[in-house]
Amino acid sequence: VLNVEKIRRDFPVLDRKVHGKQLVYFDNAATSQKPKIVIESLRKYYEYYNSNIHRSVHTLAEEATEAHELVRDKVASFIKAGDRKSIVFTRNTTESINLIANSWGGSKLKRGDKILLTVMEHHSNIVPWQLLAKKMGLKIDYLPITQAGYLDISEGGRLEDDLLKSRLNGVKLLGIGHASNVVGTINPVYEICKIAKEMGVTTVVDAAQSVPHMPVDVSKMDCDFLAFSAHKMLGPTGVGVLYAKPELLEEMPPFLGGGEMISEVHLTGSKWNDIPLKFEAGTSNIADVIAFGVAIDYLKNIRMEVVRNHEVDLTRYALEVLLEMKDVNLYGPLKSEHRAGLVAFNLAKVHPHDLASYLDQEGIAIRSGQHCAQPLHEWFSVQASSRASFYIYNTKQEIDLFAAALQKARRFFAA
Amino acid sequence: MSSDMYKEIILDYYRNPRNKGKLEDADVTEKDSNPLCGDVVQIQLKFRDNKVKDVKFEGEGCAISQASASMLTEIVMGKEIEEVSKLSKEDVLEALGRPNLGPVRIKCALLPLKVMKMGVYSFLGQNGKQPDD
(Lines give C-alpha, C1' and ligand atoms only; values in the text may rest on other atoms or scores of the structure.)
Protein backbone atom coordinates (compact mmCIF):
# COMPACT_ATOMS: atom_id res chain seq x y z
CA VAL A 1 0.00 0.00 0.00
CA LEU A 2 1.10 3.49 -0.81
CA ASN A 3 2.19 5.79 2.00
CA VAL A 4 0.54 8.85 0.51
CA GLU A 5 1.31 11.16 3.41
CA LYS A 6 5.01 10.44 3.04
CA ILE A 7 4.84 10.89 -0.72
CA ARG A 8 3.03 14.21 -0.41
CA ARG A 9 5.92 15.62 1.60
CA ASP A 10 8.17 15.05 -1.43
CA PHE A 11 6.12 17.45 -3.59
CA PRO A 12 6.73 21.09 -2.64
CA VAL A 13 3.84 22.43 -4.75
CA LEU A 14 1.29 20.47 -2.71
CA ASP A 15 1.89 22.89 0.17
CA ARG A 16 0.64 25.70 -1.98
CA LYS A 17 -2.56 27.59 -1.31
CA VAL A 18 -4.69 28.72 -4.26
CA HIS A 19 -7.21 31.48 -3.56
CA GLY A 20 -6.57 30.88 0.10
CA LYS A 21 -7.42 27.16 -0.12
CA GLN A 22 -5.13 24.16 0.06
CA LEU A 23 -4.31 23.09 -3.51
CA VAL A 24 -6.05 19.94 -4.73
CA TYR A 25 -4.28 18.99 -7.93
CA PHE A 26 -6.50 16.86 -10.17
CA ASP A 27 -4.98 17.71 -13.55
CA ASN A 28 -2.40 14.96 -13.67
CA ALA A 29 -3.40 13.69 -17.09
CA ALA A 30 -2.25 17.08 -18.42
CA THR A 31 0.99 17.08 -16.46
CA SER A 32 2.09 15.67 -13.13
CA GLN A 33 3.74 17.56 -10.30
CA LYS A 34 7.45 17.03 -9.62
CA PRO A 35 9.10 15.69 -6.48
CA LYS A 36 11.85 17.71 -4.85
CA ILE A 37 14.59 15.29 -5.92
CA VAL A 38 13.70 15.80 -9.59
CA ILE A 39 13.89 19.56 -9.18
CA GLU A 40 17.15 19.23 -7.26
CA SER A 41 18.61 17.08 -10.00
CA LEU A 42 18.11 19.92 -12.49
CA ARG A 43 19.83 22.31 -10.15
CA LYS A 44 22.69 19.93 -9.49
CA TYR A 45 23.29 19.43 -13.18
CA TYR A 46 23.45 23.16 -13.91
CA GLU A 47 25.52 23.94 -10.83
CA TYR A 48 27.97 21.08 -10.97
CA TYR A 49 28.47 19.40 -14.34
CA ASN A 50 26.62 21.34 -17.04
CA SER A 51 28.25 20.57 -20.40
CA ASN A 52 27.43 19.21 -23.81
CA ILE A 53 27.27 15.46 -24.28
CA HIS A 54 28.81 13.02 -26.77
CA ARG A 55 31.40 15.60 -27.87
CA SER A 56 34.00 17.00 -25.53
CA VAL A 57 36.36 14.80 -23.57
CA HIS A 58 36.71 16.87 -20.40
CA THR A 59 35.44 15.70 -17.02
CA LEU A 60 32.20 17.66 -17.03
CA ALA A 61 31.27 16.38 -20.48
CA GLU A 62 32.04 12.81 -19.52
CA GLU A 63 29.92 13.04 -16.38
CA ALA A 64 27.02 14.59 -18.28
CA THR A 65 27.26 12.05 -21.11
CA GLU A 66 27.30 9.20 -18.64
CA ALA A 67 24.33 10.57 -16.66
CA HIS A 68 22.34 11.19 -19.85
CA GLU A 69 23.02 7.76 -21.31
CA LEU A 70 22.27 6.06 -18.00
CA VAL A 71 18.70 7.36 -18.35
CA ARG A 72 18.38 5.51 -21.65
CA ASP A 73 19.06 2.31 -19.74
CA LYS A 74 16.59 3.30 -17.04
CA VAL A 75 13.87 3.98 -19.59
CA ALA A 76 14.56 0.72 -21.41
CA SER A 77 14.35 -1.24 -18.18
CA PHE A 78 11.24 0.68 -17.02
CA ILE A 79 9.22 -0.46 -20.03
CA LYS A 80 11.06 -3.80 -20.37
CA ALA A 81 12.67 -2.96 -23.70
CA GLY A 82 15.49 -5.44 -24.05
CA ASP A 83 17.75 -3.13 -26.03
CA ARG A 84 18.79 0.40 -25.02
CA LYS A 85 19.15 1.22 -28.73
CA SER A 86 15.37 1.07 -29.00
CA ILE A 87 14.98 4.24 -26.88
CA VAL A 88 15.01 7.60 -28.70
CA PHE A 89 14.66 10.83 -26.73
CA THR A 90 12.33 13.42 -28.22
CA ARG A 91 10.58 16.50 -26.84
CA ASN A 92 7.27 14.80 -26.03
CA THR A 93 4.79 12.14 -27.13
CA THR A 94 3.63 14.34 -29.97
CA GLU A 95 7.13 14.66 -31.40
CA SER A 96 7.67 10.92 -31.05
CA ILE A 97 4.57 10.24 -33.14
CA ASN A 98 5.55 12.87 -35.69
CA LEU A 99 8.93 11.17 -35.96
CA ILE A 100 7.26 7.83 -36.71
CA ALA A 101 4.87 9.38 -39.22
CA ASN A 102 7.57 11.30 -41.07
CA SER A 103 10.39 8.80 -40.98
CA TRP A 104 8.70 5.40 -40.99
CA GLY A 105 5.48 6.50 -42.66
CA GLY A 106 7.25 8.71 -45.17
CA SER A 107 9.57 5.90 -46.28
CA LYS A 108 7.40 2.79 -45.96
CA LEU A 109 3.91 3.85 -46.99
CA LYS A 110 2.65 4.39 -50.53
CA ARG A 111 -0.25 6.25 -52.09
CA GLY A 112 -3.54 4.53 -51.28
CA ASP A 113 -2.23 2.74 -48.18
CA LYS A 114 -4.61 2.57 -45.24
CA ILE A 115 -3.99 3.76 -41.68
CA LEU A 116 -6.33 2.72 -38.88
CA LEU A 117 -6.73 4.92 -35.80
CA THR A 118 -9.44 5.07 -33.14
CA VAL A 119 -12.09 7.68 -32.39
CA MET A 120 -10.70 8.06 -28.86
CA GLU A 121 -7.22 9.17 -29.94
CA HIS A 122 -5.59 12.31 -28.63
CA HIS A 123 -4.97 14.88 -31.37
CA SER A 124 -1.29 13.92 -31.21
CA ASN A 125 -2.13 10.50 -32.64
CA ILE A 126 -4.45 11.89 -35.32
CA VAL A 127 -3.00 15.08 -36.76
CA PRO A 128 0.48 13.72 -37.69
CA TRP A 129 -1.26 10.97 -39.66
CA GLN A 130 -3.64 13.42 -41.32
CA LEU A 131 -0.67 15.54 -42.41
CA LEU A 132 1.05 12.48 -43.80
CA ALA A 133 -2.14 11.23 -45.47
CA LYS A 134 -2.58 14.55 -47.22
CA LYS A 135 1.01 14.61 -48.40
CA MET A 136 1.13 10.99 -49.57
CA GLY A 137 -2.46 10.24 -50.52
CA LEU A 138 -3.14 7.76 -47.72
CA LYS A 139 -6.51 6.71 -46.35
CA ILE A 140 -7.41 6.96 -42.68
CA ASP A 141 -10.11 4.91 -40.97
CA TYR A 142 -11.16 5.03 -37.33
CA LEU A 143 -12.18 2.24 -35.01
CA PRO A 144 -15.52 3.30 -33.52
CA ILE A 145 -16.32 3.33 -29.83
CA THR A 146 -19.45 2.32 -28.00
CA GLN A 147 -21.68 4.41 -25.77
CA ALA A 148 -19.97 2.83 -22.75
CA GLY A 149 -16.63 4.17 -23.97
CA TYR A 150 -15.00 0.96 -25.18
CA LEU A 151 -13.65 0.33 -28.66
CA ASP A 152 -16.36 -1.64 -30.39
CA ILE A 153 -13.83 -4.42 -30.95
CA SER A 154 -13.50 -4.78 -27.17
CA GLU A 155 -16.86 -3.79 -25.66
CA GLY A 156 -16.89 -4.60 -21.96
CA GLY A 157 -13.13 -5.15 -22.04
CA ARG A 158 -13.15 -8.40 -24.03
CA LEU A 159 -11.44 -8.34 -27.40
CA GLU A 160 -13.39 -9.78 -30.30
CA ASP A 161 -10.60 -11.23 -32.40
CA ASP A 162 -12.62 -11.73 -35.56
CA LEU A 163 -14.00 -8.22 -35.57
CA LEU A 164 -10.51 -6.82 -35.06
CA LYS A 165 -9.17 -8.98 -37.87
CA SER A 166 -11.82 -7.75 -40.26
CA ARG A 167 -11.03 -4.16 -39.32
CA LEU A 168 -7.29 -4.73 -39.80
CA ASN A 169 -7.81 -6.22 -43.22
CA GLY A 170 -5.79 -4.19 -45.74
CA VAL A 171 -4.40 -1.88 -43.06
CA LYS A 172 -0.70 -0.97 -43.10
CA LEU A 173 -0.46 0.85 -39.81
CA LEU A 174 -2.53 0.85 -36.62
CA GLY A 175 -2.25 3.84 -34.27
CA ILE A 176 -3.90 3.28 -30.92
CA GLY A 177 -3.88 4.84 -27.48
CA HIS A 178 -3.15 2.49 -24.59
CA ALA A 179 -5.36 4.52 -22.24
CA SER A 180 -7.73 7.30 -23.26
CA ASN A 181 -7.14 10.71 -21.71
CA VAL A 182 -10.90 11.39 -21.71
CA VAL A 183 -12.96 8.23 -21.32
CA GLY A 184 -10.08 6.61 -19.49
CA THR A 185 -10.57 3.29 -21.27
CA ILE A 186 -7.57 0.99 -21.19
CA ASN A 187 -7.48 -0.68 -24.56
CA PRO A 188 -6.32 -4.31 -24.80
CA VAL A 189 -3.21 -3.31 -26.74
CA TYR A 190 -1.26 -6.46 -25.81
CA GLU A 191 -3.80 -8.68 -27.58
CA ILE A 192 -4.40 -6.15 -30.35
CA CYS A 193 -0.70 -5.84 -31.20
CA LYS A 194 -0.38 -9.61 -31.28
CA ILE A 195 -3.12 -9.95 -33.87
CA ALA A 196 -1.85 -6.95 -35.80
CA LYS A 197 1.57 -8.55 -35.95
CA GLU A 198 0.14 -11.81 -37.30
CA MET A 199 -1.52 -9.76 -40.02
CA GLY A 200 1.61 -7.78 -40.85
CA VAL A 201 0.21 -4.48 -39.56
CA THR A 202 2.72 -2.07 -38.00
CA THR A 203 1.61 -0.84 -34.58
CA VAL A 204 2.03 2.56 -32.92
CA VAL A 205 0.93 2.74 -29.29
CA ASP A 206 0.36 6.13 -27.67
CA ALA A 207 1.24 5.32 -24.08
CA ALA A 208 1.19 8.88 -22.73
CA GLN A 209 -1.57 7.96 -20.26
CA SER A 210 -0.39 4.46 -19.42
CA VAL A 211 3.38 4.37 -18.83
CA PRO A 212 3.13 6.95 -16.01
CA HIS A 213 0.38 5.03 -14.25
CA MET A 214 0.75 1.27 -14.67
CA PRO A 215 3.31 -1.40 -15.52
CA VAL A 216 3.97 -1.45 -19.26
CA ASP A 217 6.00 -4.21 -20.86
CA VAL A 218 6.88 -3.63 -24.51
CA SER A 219 8.53 -7.03 -24.81
CA LYS A 220 5.17 -8.66 -24.04
CA MET A 221 3.16 -6.10 -25.98
CA ASP A 222 5.38 -6.62 -29.00
CA CYS A 223 4.31 -3.29 -30.50
CA ASP A 224 6.51 -1.74 -33.17
CA PHE A 225 6.44 1.77 -31.73
CA LEU A 226 5.40 3.23 -28.39
CA ALA A 227 5.49 6.85 -27.27
CA PHE A 228 5.19 8.69 -23.96
CA SER A 229 6.26 11.86 -22.15
CA ALA A 230 8.40 12.44 -19.06
CA HIS A 231 6.36 15.35 -17.73
CA LYS A 232 3.30 13.20 -17.07
CA MET A 233 5.37 10.88 -14.86
CA LEU A 234 7.02 13.22 -12.35
CA GLY A 235 9.74 14.29 -14.80
CA PRO A 236 10.38 17.69 -16.36
CA THR A 237 8.69 19.04 -19.46
CA GLY A 238 10.53 18.81 -22.75
CA VAL A 239 11.43 15.11 -22.74
CA GLY A 240 9.56 12.50 -24.71
CA VAL A 241 10.37 8.89 -25.42
CA LEU A 242 10.04 6.96 -28.61
CA TYR A 243 10.42 3.22 -28.19
CA ALA A 244 10.90 1.44 -31.50
CA LYS A 245 12.08 -1.97 -32.49
CA PRO A 246 15.77 -1.53 -33.35
CA GLU A 247 15.41 -3.23 -36.74
CA LEU A 248 12.82 -0.61 -37.70
CA LEU A 249 15.00 2.26 -36.51
CA GLU A 250 17.88 0.86 -38.58
CA GLU A 251 15.81 1.01 -41.75
CA MET A 252 14.28 4.41 -41.12
CA PRO A 253 15.75 7.63 -42.52
CA PRO A 254 16.58 10.45 -40.07
CA PHE A 255 13.77 12.76 -38.98
CA LEU A 256 15.80 15.90 -38.26
CA GLY A 257 19.26 16.62 -39.60
CA GLY A 258 22.14 18.34 -37.84
CA GLY A 259 24.79 17.69 -35.25
CA GLU A 260 24.99 14.45 -33.30
CA MET A 261 22.87 12.44 -35.75
CA ILE A 262 25.74 11.99 -38.21
CA SER A 263 28.89 9.90 -38.30
CA GLU A 264 30.50 11.72 -41.22
CA VAL A 265 29.68 14.96 -42.94
CA HIS A 266 31.30 16.03 -46.21
CA LEU A 267 30.36 18.85 -48.50
CA THR A 268 29.07 16.23 -50.90
CA GLY A 269 26.98 14.26 -48.40
CA SER A 270 26.80 12.67 -44.98
CA LYS A 271 26.57 9.35 -43.22
CA TRP A 272 24.17 8.80 -40.38
CA ASN A 273 25.13 7.99 -36.84
CA ASP A 274 24.14 4.64 -35.34
CA ILE A 275 20.72 4.26 -33.78
CA PRO A 276 19.34 5.73 -31.60
CA LEU A 277 21.55 8.84 -32.00
CA LYS A 278 20.60 8.97 -35.69
CA PHE A 279 17.28 10.34 -34.43
CA GLU A 280 18.64 12.77 -31.86
CA ALA A 281 19.84 15.73 -33.92
CA GLY A 282 21.33 18.69 -32.12
CA THR A 283 22.07 19.16 -28.43
CA SER A 284 19.72 17.06 -26.34
CA ASN A 285 17.61 18.32 -23.50
CA ILE A 286 20.37 17.06 -21.23
CA ALA A 287 19.32 18.41 -17.85
CA ASP A 288 15.73 17.32 -18.27
CA VAL A 289 16.65 13.84 -19.49
CA ILE A 290 18.87 13.39 -16.44
CA ALA A 291 16.10 14.62 -14.13
CA PHE A 292 13.70 12.24 -15.87
CA GLY A 293 15.98 9.42 -14.74
CA VAL A 294 15.42 10.52 -11.15
CA ALA A 295 11.65 10.49 -11.71
CA ILE A 296 11.87 6.93 -13.05
CA ASP A 297 13.84 5.85 -9.98
CA TYR A 298 11.20 7.44 -7.77
CA LEU A 299 8.38 5.56 -9.50
CA LYS A 300 10.36 2.30 -9.57
CA ASN A 301 10.93 2.63 -5.90
CA ILE A 302 7.19 2.84 -5.30
CA ARG A 303 6.55 0.09 -7.89
CA MET A 304 4.13 0.60 -10.76
CA GLU A 305 1.76 -2.13 -9.54
CA VAL A 306 1.32 -0.09 -6.35
CA VAL A 307 0.81 3.14 -8.33
CA ARG A 308 -1.83 1.40 -10.42
CA ASN A 309 -3.67 -0.06 -7.42
CA HIS A 310 -3.77 3.32 -5.72
CA GLU A 311 -5.28 4.93 -8.81
CA VAL A 312 -7.84 2.15 -9.33
CA ASP A 313 -8.86 2.69 -5.73
CA LEU A 314 -9.20 6.47 -6.13
CA THR A 315 -11.04 6.10 -9.44
CA ARG A 316 -13.49 3.62 -7.98
CA TYR A 317 -14.19 6.06 -5.17
CA ALA A 318 -14.55 9.04 -7.53
CA LEU A 319 -16.96 7.08 -9.76
CA GLU A 320 -19.05 6.10 -6.74
CA VAL A 321 -19.22 9.69 -5.52
CA LEU A 322 -20.10 11.07 -8.94
CA LEU A 323 -22.69 8.39 -9.67
CA GLU A 324 -24.52 9.27 -6.47
CA MET A 325 -24.63 12.91 -7.44
CA LYS A 326 -27.58 14.52 -9.16
CA ASP A 327 -27.22 15.83 -12.73
CA VAL A 328 -23.84 14.25 -13.44
CA ASN A 329 -23.05 12.61 -16.78
CA LEU A 330 -20.04 10.32 -16.70
CA TYR A 331 -18.06 9.22 -19.74
CA GLY A 332 -16.24 5.93 -20.12
CA PRO A 333 -16.36 2.48 -18.53
CA LEU A 334 -17.84 2.24 -15.06
CA LYS A 335 -15.40 -0.43 -13.96
CA SER A 336 -12.36 1.25 -12.46
CA GLU A 337 -10.21 -1.75 -13.44
CA HIS A 338 -10.96 -0.95 -17.07
CA ARG A 339 -9.83 2.63 -16.91
CA ALA A 340 -6.93 4.91 -16.21
CA GLY A 341 -7.02 7.06 -13.09
CA LEU A 342 -9.21 9.79 -14.45
CA VAL A 343 -12.86 10.70 -14.68
CA ALA A 344 -14.41 12.91 -17.35
CA PHE A 345 -17.93 14.16 -16.73
CA ASN A 346 -20.44 16.92 -17.17
CA LEU A 347 -22.47 18.55 -14.48
CA ALA A 348 -25.75 19.30 -16.21
CA LYS A 349 -26.34 22.97 -16.99
CA VAL A 350 -22.88 24.04 -15.84
CA HIS A 351 -20.42 24.57 -18.67
CA PRO A 352 -17.10 22.80 -17.97
CA HIS A 353 -15.19 26.08 -18.13
CA ASP A 354 -17.47 27.62 -15.56
CA LEU A 355 -17.10 24.56 -13.38
CA ALA A 356 -13.31 24.60 -13.67
CA SER A 357 -13.17 28.31 -12.85
CA TYR A 358 -15.48 27.78 -9.88
CA LEU A 359 -13.43 24.85 -8.55
CA ASP A 360 -10.26 26.89 -9.02
CA GLN A 361 -11.68 29.41 -6.59
CA GLU A 362 -11.90 26.48 -4.16
CA GLY A 363 -8.26 25.56 -4.78
CA ILE A 364 -9.16 22.55 -6.93
CA ALA A 365 -7.38 22.21 -10.28
CA ILE A 366 -9.26 20.21 -12.92
CA ARG A 367 -9.23 20.32 -16.70
CA SER A 368 -12.11 21.51 -18.81
CA GLY A 369 -12.66 21.63 -22.54
CA GLN A 370 -12.02 18.97 -25.11
CA HIS A 371 -8.73 17.66 -23.74
CA CYS A 372 -7.16 17.54 -27.21
CA ALA A 373 -9.77 14.96 -28.21
CA GLN A 374 -12.32 16.87 -30.26
CA PRO A 375 -13.36 13.89 -32.42
CA LEU A 376 -14.25 11.95 -29.28
CA HIS A 377 -16.42 14.79 -28.00
CA GLU A 378 -18.10 15.09 -31.38
CA TRP A 379 -18.69 11.34 -31.37
CA PHE A 380 -20.60 11.67 -28.09
CA SER A 381 -22.21 14.96 -29.29
CA VAL A 382 -20.79 16.76 -26.28
CA GLN A 383 -19.41 20.26 -26.60
CA ALA A 384 -16.86 19.87 -23.81
CA SER A 385 -16.29 18.04 -20.56
CA SER A 386 -14.60 18.38 -17.20
CA ARG A 387 -11.91 15.97 -16.10
CA ALA A 388 -10.38 15.05 -12.77
CA SER A 389 -7.23 12.95 -13.06
CA PHE A 390 -5.30 11.40 -10.21
CA TYR A 391 -1.79 10.40 -9.26
CA ILE A 392 0.22 8.96 -6.40
CA TYR A 393 -0.18 11.99 -4.12
CA ASN A 394 -3.97 12.27 -4.37
CA THR A 395 -6.31 11.08 -1.63
CA LYS A 396 -9.95 10.18 -1.05
CA GLN A 397 -10.22 13.21 1.24
CA GLU A 398 -9.38 15.35 -1.77
CA ILE A 399 -12.13 13.62 -3.76
CA ASP A 400 -14.53 14.50 -0.92
CA LEU A 401 -13.50 18.17 -1.15
CA PHE A 402 -13.96 18.00 -4.92
CA ALA A 403 -17.44 16.46 -4.54
CA ALA A 404 -18.50 19.10 -2.03
CA ALA A 405 -17.28 21.84 -4.37
CA LEU A 406 -19.25 20.28 -7.25
CA GLN A 407 -22.43 20.47 -5.17
CA LYS A 408 -21.76 24.11 -4.40
CA ALA A 409 -21.10 24.86 -8.07
CA ARG A 410 -24.35 23.20 -9.10
CA ARG A 411 -26.30 25.46 -6.76
CA PHE A 412 -24.28 28.54 -7.74
CA PHE A 413 -24.98 28.25 -11.46
CA ALA A 414 -28.56 26.95 -11.17
CA ALA A 415 -31.03 29.24 -12.84
CA MET B 1 -16.57 31.55 -3.30
CA SER B 2 -15.27 34.97 -4.14
CA SER B 3 -17.07 36.36 -7.15
CA ASP B 4 -14.03 37.93 -8.79
CA MET B 5 -14.96 36.16 -11.98
CA TYR B 6 -18.68 35.52 -11.70
CA LYS B 7 -19.99 38.98 -10.93
CA GLU B 8 -23.67 38.99 -10.08
CA ILE B 9 -24.39 40.79 -13.35
CA ILE B 10 -22.81 37.95 -15.35
CA LEU B 11 -24.85 35.32 -13.55
CA ASP B 12 -27.97 37.36 -14.07
CA TYR B 13 -27.50 37.58 -17.85
CA TYR B 14 -26.48 33.93 -18.00
CA ARG B 15 -29.58 32.76 -16.15
CA ASN B 16 -31.97 35.20 -17.82
CA PRO B 17 -30.52 36.00 -21.22
CA ARG B 18 -31.94 39.06 -22.97
CA ASN B 19 -32.39 39.15 -26.76
CA LYS B 20 -31.82 35.43 -27.12
CA GLY B 21 -33.39 33.83 -30.16
CA LYS B 22 -33.63 34.27 -33.90
CA LEU B 23 -34.46 37.19 -36.19
CA GLU B 24 -36.69 36.21 -39.10
CA ASP B 25 -35.56 39.05 -41.36
CA ALA B 26 -31.99 39.71 -40.34
CA ASP B 27 -29.72 41.72 -42.61
CA VAL B 28 -26.70 39.79 -41.41
CA THR B 29 -26.09 36.58 -39.51
CA GLU B 30 -22.63 35.86 -38.15
CA LYS B 31 -21.42 32.95 -36.09
CA ASP B 32 -18.09 31.97 -34.58
CA SER B 33 -16.75 29.60 -31.98
CA ASN B 34 -13.92 29.39 -29.56
CA PRO B 35 -12.10 26.18 -30.47
CA LEU B 36 -10.57 25.92 -27.04
CA CYS B 37 -13.76 25.38 -25.12
CA GLY B 38 -16.38 25.09 -27.81
CA ASP B 39 -18.25 28.30 -26.98
CA VAL B 40 -20.51 29.14 -29.91
CA VAL B 41 -22.09 32.54 -30.50
CA GLN B 42 -24.37 33.59 -33.34
CA ILE B 43 -25.49 37.19 -33.70
CA GLN B 44 -28.16 38.44 -36.07
CA LEU B 45 -28.59 42.12 -36.86
CA LYS B 46 -31.20 44.21 -38.57
CA PHE B 47 -30.36 47.78 -39.56
CA ARG B 48 -32.48 50.81 -40.39
CA ASP B 49 -31.27 54.37 -41.11
CA ASN B 50 -27.70 53.48 -40.21
CA LYS B 51 -28.79 52.23 -36.82
CA VAL B 52 -29.24 48.81 -35.25
CA LYS B 53 -32.97 48.25 -35.41
CA ASP B 54 -32.97 44.78 -33.91
CA VAL B 55 -30.47 42.23 -32.69
CA LYS B 56 -30.63 38.70 -31.36
CA PHE B 57 -28.07 36.15 -30.27
CA GLU B 58 -28.01 32.41 -29.97
CA GLY B 59 -25.31 30.23 -28.58
CA GLU B 60 -24.00 27.54 -26.38
CA GLY B 61 -21.19 27.80 -23.95
CA CYS B 62 -19.96 29.05 -20.62
CA ALA B 63 -21.59 31.71 -18.48
CA ILE B 64 -18.99 34.31 -19.46
CA SER B 65 -19.45 33.95 -23.22
CA GLN B 66 -23.24 33.77 -23.12
CA ALA B 67 -23.66 36.65 -20.67
CA SER B 68 -21.26 38.73 -22.71
CA ALA B 69 -23.26 38.03 -25.89
CA SER B 70 -26.52 38.97 -24.23
CA MET B 71 -25.17 42.19 -22.75
CA LEU B 72 -23.62 43.15 -26.04
CA THR B 73 -26.97 42.90 -27.80
CA GLU B 74 -28.36 45.38 -25.28
CA ILE B 75 -25.40 47.69 -25.76
CA VAL B 76 -25.75 47.88 -29.54
CA MET B 77 -29.53 48.07 -29.74
CA GLY B 78 -30.50 51.40 -31.37
CA LYS B 79 -26.88 52.49 -31.77
CA GLU B 80 -25.35 53.99 -34.93
CA ILE B 81 -23.45 51.44 -37.02
CA GLU B 82 -20.43 53.66 -36.71
CA GLU B 83 -20.58 53.46 -32.90
CA VAL B 84 -20.97 49.69 -32.93
CA SER B 85 -17.94 49.29 -35.18
CA LYS B 86 -15.92 51.24 -32.63
CA LEU B 87 -16.86 49.17 -29.58
CA SER B 88 -13.74 47.96 -27.82
CA LYS B 89 -12.64 45.15 -25.59
CA GLU B 90 -12.66 47.65 -22.74
CA ASP B 91 -16.32 48.48 -23.33
CA VAL B 92 -17.26 44.81 -23.06
CA LEU B 93 -15.19 44.17 -19.94
CA GLU B 94 -16.61 47.30 -18.34
CA ALA B 95 -20.17 46.12 -19.03
CA LEU B 96 -19.37 42.73 -17.50
CA GLY B 97 -18.32 44.46 -14.30
CA ARG B 98 -14.58 44.06 -14.86
CA PRO B 99 -14.44 40.41 -13.83
CA ASN B 100 -11.05 39.00 -12.95
CA LEU B 101 -10.55 36.88 -16.08
CA GLY B 102 -7.29 35.15 -16.87
CA PRO B 103 -5.76 34.95 -20.35
CA VAL B 104 -7.84 31.89 -21.23
CA ARG B 105 -11.26 32.98 -20.01
CA ILE B 106 -10.95 36.45 -21.53
CA LYS B 107 -11.39 34.79 -24.92
CA CYS B 108 -14.83 33.62 -23.77
CA ALA B 109 -15.76 37.19 -22.84
CA LEU B 110 -14.60 38.66 -26.15
CA LEU B 111 -15.96 36.09 -28.61
CA PRO B 112 -19.35 37.88 -28.90
CA LEU B 113 -17.64 41.21 -29.67
CA LYS B 114 -15.74 39.52 -32.48
CA VAL B 115 -18.96 38.10 -33.92
CA MET B 116 -20.71 41.48 -33.55
CA LYS B 117 -17.92 43.20 -35.48
CA MET B 118 -18.02 40.53 -38.16
CA GLY B 119 -21.72 41.30 -38.50
CA VAL B 120 -21.24 45.03 -38.79
CA TYR B 121 -18.37 44.75 -41.24
CA SER B 122 -20.17 42.29 -43.45
CA PHE B 123 -23.19 44.62 -43.55
CA LEU B 124 -20.97 47.56 -44.45
CA GLY B 125 -19.24 45.36 -47.04
CA GLN B 126 -22.58 44.40 -48.60
CA ASN B 127 -23.46 48.06 -48.90
CA GLY B 128 -20.07 49.12 -50.24
CA LYS B 129 -19.23 51.28 -47.26
CA GLN B 130 -16.14 51.40 -45.13
CA PRO B 131 -16.11 52.40 -41.50
CA ASP B 132 -13.98 55.44 -40.79
CA ASP B 133 -11.21 53.53 -39.01
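Colleague: What makes A:Asp354 and B:Arg105 a salt bridge?

Modeller: In this predicted model, the closest N and O atoms of A:Asp354 and B:Arg105 are 3.1 Å apart. The cut-off is 4 Å between a side-chain nitrogen of Lys or Arg and a carboxyl oxygen of Asp or Glu, so the pair qualifies.

Colleague: How many salt bridges are counted between chain A and chain B?

Modeller: The count is 1. The rule for polar contacts finds 9 residue pairs across the interface. On the side of chain A that touches chain B, helix H12 (352-361) and helix H14 (396-413) each supply at least two residues. H12(A) gives the largest share, 5 residues. By class, that side has 6 nonpolar, 7 polar and 3 charged residues.

Colleague: What area is buried between chain A and chain B?

Modeller: About 1500 Å², with carbon and sulfur atoms giving 54% of it. The contact takes 16 residues from chain A and 19 residues from chain B. As for confidence, the model scores ipTM 0.81 and pTM 0.92.

Colleague: Why is A:Glu95 called buried?

Modeller: Its relative accessible area is 17%, and buried means under 20%, so A:Glu95 falls in that class. A:Glu95 is found in helix H4 (residues 93-108) of chain A. Leaving aside neighbours within four places in sequence, A:Glu95 is in contact with A:Thr90 and A:Phe255.

Colleague: Which side chain meets A:Glu337 in a salt bridge?

Modeller: That of A:Arg316, at 2.9 Å from N to O. The pair links distant parts of the chain, 21 residues apart: A:Glu337 is in the loop between strand S13 (328-331) and strand S14 (342-347), and A:Arg316 is in helix H11. A:Arg316 also forms a salt bridge with A:Asp313, where the closest N and O atoms are 3.6 Å apart. A:Asp313 and A:Arg316 both lie in helix H11 (residues 304-324), 3 residues apart, about one turn of the helix.

Colleague: Why is A:Glu337 called partly exposed?

Modeller: A:Glu337 has a relative accessible area of 44%.

Colleague: What makes B:Glu8 exposed?

Modeller: B:Glu8 has a relative accessible area of 55%, and exposed means over 50%, so the label holds. B:Glu8 forms a salt bridge with B:Arg15, the closest N and O atoms being 3.9 Å apart; this is within the 4 Å limit. B:Arg15 is partly exposed, at 26%.

Methods:
Residues numbered from 1 in each chain as written. Chains lettered and ligands numbered in written order. Predicted model: local features only at pLDDT ≥ 70, side-chain atom pairs only at ≥ 80, totals over all residues. Heavy atoms only, no water. Contact = heavy atoms within 4.5 Å. Buried area = accessible area lost by both parts, 1.4 Å probe. Polar contact = N/O pair within 3.5 Å; in protein donor to acceptor, adjacent residues only side chain to side chain. Helix = DSSP H or I, 4+ residues; strand = E, 2+ residues; numbered from the N terminus. Nonpolar A, V, L, I, M, F, W, Y, C, P; charged D, E, K, R; others polar. Buried < 20%, exposed > 50% of the residue type's maximum accessible area, 1.4 Å probe, protein only.
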